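This briefing concerns a predicted model and is intended for reading alongside the sequence and coordinates. The fold of one chain is treated before the interface.

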Amino acid sequence: MNAAPPALLRMRGIGKEFPGVRALSDVELAVHPGEVVALLGENGAGKSTLMNILAGVHADYEGAIEIDGEPVRIHSPKHAQQHGIAMIHQELNLVPELSVSDNVFLGRELRTARGTLDRAAMHARTAELLADLGLTLSPGRLVRDCRIAEQQLVEVAKALNGTLRILVLDEPTSALAEAEVERLFVVIRRLAARGVGLIYISHRLEELAEIADSATVLRDGTFAGRRPVAGTDRAELVRLMVGRPLGELFPRAAEQRSDGPVRLRVRGLTTTPAPASTRTPLHSVDFEVRAGEILGVAGLMGAGRSEVLEALFGAGDRVRGEITLNDRPYSPHTPRTAIRRGIALVAEDRKAQSLVIGNTVRFNTTLAALDRYLRPWRTVDARREKAAAAGKVAELRTKTHSLDAVVGTLSGGNQQKVVLAKCLLTEPSVLLLDEPTRGIDVGAKAEIHALMDALAARGTAIIAVSSELPELIGMCDRIIVLCEGRLTGEFHRDPAHGPAATQEAILTAAMARQNVVAGPPADGNGAET
Amino acid sequence: MSKTLPPARDTAAGTDEHLRTLRERLSRALPSLGSLQSCIGLLLVVAVGIVTKGQIFWNQDNLTNAVTAFASRGILAVGVTLVILTAGIDLSVGSVLGIGSMTAAMLLVHHGLSPWAIVPLCALVGAFFGFLNGIGTTWLRIQSFVMTLAMLSVVRGIDRQLSNNVAVGVQLVDPHGHLTPKAAAFAALGTPGHTLIAGVGYPVIAFVAVCVLVQLLLSRTRFGRHVYAVGGNPTAARLSGVNVSLVIITVFTLCGLLAGFAGPIDAAYSASADPLAGTSYELDAIAAAVIGGTSLAGGKGTITGTAVGALILTLLDNILGLNAISDNMQMIIKGLIVVVAVVLQRPGFLQPLVEPLRRLRARA
């Protein structure tokens, strides 16, 4: 007699072959009611393929899927929906020009007796769903006007608006700041308490202890193991994912109090965005960065972190303030002038801002530095250009089968290396990094960290923005903290030089302004009930 | 009985290496031919022509006549391809060609200029309107579809106003009934029967030269790279130091310049500048680009592809004409060809056809 109740979801012997490539073979996954299963693996390990099979995107898979112990075959996304399976992708699937409630009811709109849309009923139900998630948001608001964190919860509400049994979250926290992550976790726990099974994909291992019950690890399209999260240390999970011992994730040695020359000195950096823009205005921000130094910029979403980098790169709003670059006055005008003066920017969103995704590795690598490979008549010297691109590909150990490979076919980590190569070919003296390791796997992360360290050692000044505090603390010599466009703290890696950079200290500074605005901080105990 | 293959497999290891280098060379050569599909399309069209009309179709006179008739639209297609590569569109090229042709006729008839002066001046007039298109799409941030649609109307209006709605003939005759020297020189720009080298006339030479020059511009220069970057991802281009607005303005200006340049050819070919000359040519031009594999989403396409697309449309026109198919049917067929071409060029369209073959090979 079977004592244990059947698992909510069991996938067994799952395999999938794409033309010419085997993406998955013999993978298994089980989710019990109320369980949060972390699905781990490097980029290209097969996580997305597995989840797409579950969501009905790939109908021709091998193996068996059971729901409540009953074998099912999932042919189509609609079919998956009928089984109560919902997936929230990293790139959200909302229609920005429609309202929150229109999105929640997209495809299953309520209608009145006369056949017209029943807006009132939909608004009411949406408000109910949102309140259930602890979100106060007008259902009539356009999704375009909502923040990323809010949009994500709108997706959750959309999933809840049917029968939700299994919810897949693909890197839900990669675009969130710490405080918003906490709110998402509250929602996840609430769903789990109701018996929903959750599959949680993330590259942030440090989150797992807080949110996941067990972890299933994939490696190169195969099942690498399943571990309870409690009692398994991070190194063990990394070993399962990578299959080899990993070099130090944060190779930066103790603070090298750089006595190099000041590369960039910023005084009173102020911006005034256009009224309709979503950019945060900066208010008189001061800082400096020396040759060989890695300066971190911390803050919540909307604190103005990216805005600082964009302002320095001439890619944002009109800038006021006094800036000196290598002891010469500098006024950021356009990215073109910034690049000429030796500043390079690795932008936040590599697909939207950095890569011409349909073009080749070579095209992308040399795009910003093309001026260096010109012959008369502004023709490109293909030989020198190719040599330069090949050199950077080798130096950064970018995995690509050729320089003429389309960059969109590379994994996230390798795409990011192409972006870095593009910036490095311009030989910058100041390198601006906006979320340099977002959404890339542990192996590539460690390599990019090592590269940052090596660049600093060669005298490059680096300014790095990251939402991952452990990364900032692990990599930066100094961290400045922004809140609503103002500087609210400066912390040091070496406590001998000033306040020590700890998560608590940085978070406190990041929320400094909110406390002032909201009055005395309310105790967190009201949130759970 | 199906298993008689294995003996042939023995040499596979040796030929595999050979095959791979061949395939690599092919895959490098293909992009410069536009796309495999459009080349196959061209061969199919030629085959249809030979099968239905034989020697009447496949002889130098007929083919050069066909290309001559299409040359001005081919030149428009090259310009439009440039714009489409930056993810824009130019609907005004037909009108700009019209005003180019009218300018040419008036400069010849009223001012007695020689073709050496007329051609560059017409190109300048076209470039001016193209420049305005560029300014409208960048500085005024009007979508290029809307901006050039407006320009289509404005330029056609100017054309008709200038000509007072009357066609201007370019075959000026002296009292003895002979063409004046200037008019004779102008006729060499495209009037059927005038050839320059080896039985080929100016329109064809101009078309080929434009194709070669613009293809080199795209594939060999920094500007060409920037065109693809702007079309592929304008934000990434800007953050890589590309002056996006300048690239777009330049591309529209070049497109207008080419349309203006094609004007005199059209005037000489028709022996007069009609105020309606070039009407709906923009559709042929866009169709040629699309058939040649240029993506309207921008960032993907080549001039060689467009040239192949233009040839397909040219020969199709010719074959349908030779077979006495009515104009109405011709329009319908051309429309269908565009749809088929776009569907055929989807990435991975050939996959289902190739895949079973590859699997078979892998098994063997």
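Chain A has 18 helices and 22 strands, where helices (H or I, at least four residues) and strands (E, at least two) are DSSP runs numbered from the N terminus. This is a predicted model, in which local features need pLDDT of at least 70 and side-chain atom pairs count only at pLDDT 80 or more, while totals for chains, interfaces and linings use all residues. Residues are numbered from 1 along each chain as its sequence is written, chains are lettered from A in the order in which they are written, and side-chain values use heavy atoms, with hydrogens and water left out.

**Chain A**
- Of the 529 residues in chain A, 54% are buried, meaning under 20% relative accessible area (1.4 Å probe, protein chains only).
- The C-alpha atoms of chain A fill a box of roughly 75 × 55 × 50 Å along the principal axes.

**Interface of chain B and chain A**
- In chain B, 19 residues are in contact (heavy atoms within 4.5 Å) with 30 residues of chain A.
- B:Arg222, B:Arg225 and B:Leu239 supply 38% of the area that chain B buries against chain A, more than any other three residues; buried area is the accessible area (1.4 Å probe) that two parts lose on being put together, summed over both.
- Two salt bridges are found across the interface, each a side-chain nitrogen of Lys or Arg within 4 Å of a carboxyl oxygen of Asp or Glu.
- One salt bridge joins B:Arg225 to A:Glu385, with the closest N and O atoms 2.8 Å apart.
- Helix 10 (222–232), helix 11 (234–239) and helix 16 (351–363) of chain B each supply at least two residues of the side that touches chain A.
- Helix 10 of chain B gives the largest share of that side, six residues.

Definitions and conventions: Buried means under 20% relative accessible area, exposed over 50%, partly exposed in between (1.4 Å probe, protein chains only).
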